[in-house]
Amino acid sequence: MTTPTLAPVTVVNHPLVQHKLTLMREKETSTASFRRLLREISLLLAYEITRELPMTLRRIETPIQEMDAPTIDGKKLALISILRAGNGLMDGILELIPAARVGFVGLYRDPETLQPVQYYYKVPQQLEDRVTIVVDPMLATGNSTAAAIDLLKASGAKDIRFLCLLASPEGIARLQEVHPDVSIVTAAIDEKLDDHGYIVPGLGDAGDRMFGTK
């Protein structure tokens, strides 16, 4: 049996990304600062994940003359947030791509089994014709991300990319096992998962830190 070619895993090691990530990791960082930093870092990560969008040429007229100018081809992007923490990344990306279509996948992790439980699903139409970017700050066990991508593929999505702030080796392995065609962009790959499925050293629960619910 032929082993499938794995889509790339990209770690964005830009100094601004790494500096902001360090500030977010610190336990004394306030909710307001964490939220602001997440928005800022999402813009930088979005730049990387949209690097290879399909392009075409469109005839335009500058103040000087006509020219064939590059423009993004195809339908608007679909930006899918895995609730609830994904919204922190999505808000920043929408500043860069305000015309993107937006969808939401509601999943929570069962604390005993660490398996995802679905409670909400609403996504744009014609996903088969769109580049679909799935966002969630943490790729921990990978189970929730894999489940969300299962749902998106069932809705027709073909070109799917995943954007996160932190990833664990276990989460990457899990996602590549079930969705080897999905590329991953992250700010860092941390050491491991602990017994509760949290990324180590990590930054805690991104949703709790973003919304101040800890």
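What follows is a short chat about a domain record, a sheet and a few residues.

Trainee: Before I start, what kind of model is this?
Mentor: This is a predicted model.

Trainee: Okay. Which residues does UniProt list for the domain?
Mentor: The unreviewed UniProt entry gives residues 11-213 as "domain: Phosphoribosyltransferase". Over that stretch the chain is 34% helix and 30% strand, with the end C-alpha atoms 29 Å apart.

Trainee: What is the strand order in the open sheet of three strands?
Mentor: The order is β8-β10-β12, and the pairing is parallel. At the edges are β8 (138-139) and β12 (188-189), each pairing on one side only.

Trainee: And how many bridges join β10 to β12?
Mentor: Two bridges link β10 (residues 166-167) with β12. Leucine 166 stands opposite alanine 188 in β12.

Trainee: Switching topic: is serine 81 buried or exposed?
Mentor: Serine 81 is buried, because its relative accessible area is 0%, and buried means under 20%. Serine 81 lies in strand β4 (residues 78-83).

Trainee: What does serine 81 touch, leaving out residues up to four places away in sequence?
Mentor: Its contacts are Gly86, Asn87, Met90, Gly103, Phe104, Val105 and Val135.

Trainee: Now the surface. Which residues make the nonpolar patch of about 340 Å²?
Mentor: Tyr108, Tyr119 and Tyr120 make that patch. Tyrosine 108 sits in strand β5 (residues 101-109).

How values were computed
Residues numbered from 1 in each chain as written. Predicted model: local features only at pLDDT ≥ 70, side-chain atom pairs only at ≥ 80, totals over all residues. Heavy atoms only, no water. Pairing = 2+ DSSP bridges. Helix = DSSP H or I, 4+ residues; strand = E, 2+ residues; numbered from the N terminus. UniProt positions renumbered as here; feature names shortened; annotations may be inferred. Patch = residues over 30% accessible without salt bridge, like charges linked within 9 Å, V, L, I, M, F, W, Y side chains within 5 Å. Areas by Shrake-Rupley, 256 points an atom, 1.4 Å probe, with all protein chains shown as cover. Salt bridge = Lys/Arg side-chain N within 4 Å of Asp/Glu carboxyl O. Buried < 20%, exposed > 50% of the residue type's maximum accessible area, 1.4 Å probe, protein only. Contact = heavy atoms within 4.5 Å.
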